[in-house]
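Grab a pencil and work through these exercises one at a time. Try each task yourself before you read its solution.

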Amino acid sequence: MHEEQIDFLKRLAKGIAAQFGKNCEVVVHDLRSPDLSSTIVAIENGQVSGRTIGDGPSNAVIKALRTDPSKLHDKLAYLTKTEDGKVLKSTTVFLRDEDGTPSALFAINFDITLALAAQEALAGFISTSAAPQEGPEVIPRNVTGLLDELIEESVRIVGKPVALMGKEDKVRAIGFLNDAGAFLITKSGQKVCNYFGISKYTLYAYMDEAKRLQEEGGQAD
């Protein structure tokens with residue numbers, strides 16, 4: 001049964017890669033591999049991350065599998081980054097055995113680097129220096145817009161405005177932003193500090209506390 005599932009994931013990977021093109025990397029990991037540093041059994045458009053068959057998953061996934069696999073959860077549409085600086089929109093889905101043990105991992109990593117650059121260039125092209133009476137000021141939309149969306153989502157998850165948030169609420173929000181890859185964005189830390197009214201020291205403390213809470217029973221990436 002496991003081999004049939006892996007075969008299906010391989011065919012699914014080919015289909016998704018063919019549908020969305022060369023910027024869409026699709027990876028199949030066999031988590032039953034005796035060597036967790038060599039789990040990739042299929043990869044389409046591997047040039048996105050520079051990986052090939054025989055390579056492994058992220059260190060975070062390896063660590064989680066070696067500790068408590070039951071804490072692994074699917075993660076959808078979050079930001080990641082390659083060693084050479086590409087920005088990726090990623091999704092990770094786990095296939096499980098009947099007892100709930102993860103047996104395979106299906107990952108999609110879409111390279112949005114050029115899209116972000118084009119978006120920023122276009123925003124700069126259409127922005128104006130119009131006087132207030134001529135109409136509203138145009139605010140260019142670039143990668144910072146992604147951070148704004150993630151911050152807004154963190155507030156929605158907590159369920160209350162920042163002015164009413166206590167420490168636990170802010171720890172939860174910061175934990176979400178960290179898991180979503182928000183801090184991969186340049187100068188995101190200061191913007192998050194300003195938004196939540198905390199210092200850089202407190203930001204790092206909240207990130208550590210959120211991680212500790214995850215390890216004690218929350219979600220792990």
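Just after H5, glycine 181 adopts a positive phi of about 80°. Helices such as this one are DSSP runs (H or I, at least four residues), strands are E runs of at least two, and both are numbered from the N terminus. A quick note before you start: this is a predicted model, where local features need pLDDT of at least 70, side-chain atom pairs count only at pLDDT 80 or more, and totals for chains, interfaces and linings use all residues. Residues are numbered from 1 along each chain as its sequence is written, and side-chain values use heavy atoms, with hydrogens and water left out.

**Exercise 1**

Work out how the span of H5 compares with the expected one.

*Solution.* Start with the length: H5 has 13 residues. Next, take the expected span, which is 1.5 Å times one less than the number of residues; for H5 that is 18 Å. Finally, check the model: from first C-alpha to last, H5 reaches 18 Å, close to what's expected.

**Exercise 2**

Find out which residues of H5 are buried.

*Solution.* First, the cut-offs: buried means under 20% relative accessible area, exposed over 50%, and partly exposed in between (1.4 Å probe, protein chains only). Now go along H5: the buried residues are Asp169, Lys170, Val171, Ala173, Ile174, Gly175, Phe176, Leu177 and Asp179. For the whole protein, 40% of the 221 residues count as buried.

**Exercise 3**

Decide whether arginine 156 is buried or exposed.

*Solution.* Locate arginine 156 first: it sits in helix H4. Its relative accessibility is 58%, so arginine 156 counts as exposed. Then look across to alanine 173, which is 17 residues away in sequence and 9.2 Å away in space, C-alpha to C-alpha.

**Exercise 4**

Describe the largest nonpolar core.

*Solution.* A nonpolar core is a set of buried Ala, Val, Leu, Ile, Met, Phe, Trp, Tyr and Cys residues joined through side-chain atoms within 4.5 Å. The largest one here has 28 residues, and Ile174, Leu177, Val192 and Phe196 have the most contacts inside it. Helices H4 (143-158), H5 (167-179), H6 (188-196) and H7 (200-217) each give two or more residues to this core, with H4 giving the most, six.

Now zoom in on phenylalanine 196. Leaving out residues up to four places away in sequence, Phe196 touches Ser154, Val162, Met165, Lys170, Ala173, Ile174 and Leu177, where contact means heavy atoms within 4.5 Å. A second, separate core has eleven residues, including Ala13, Ile16, Cys24 and Val26.
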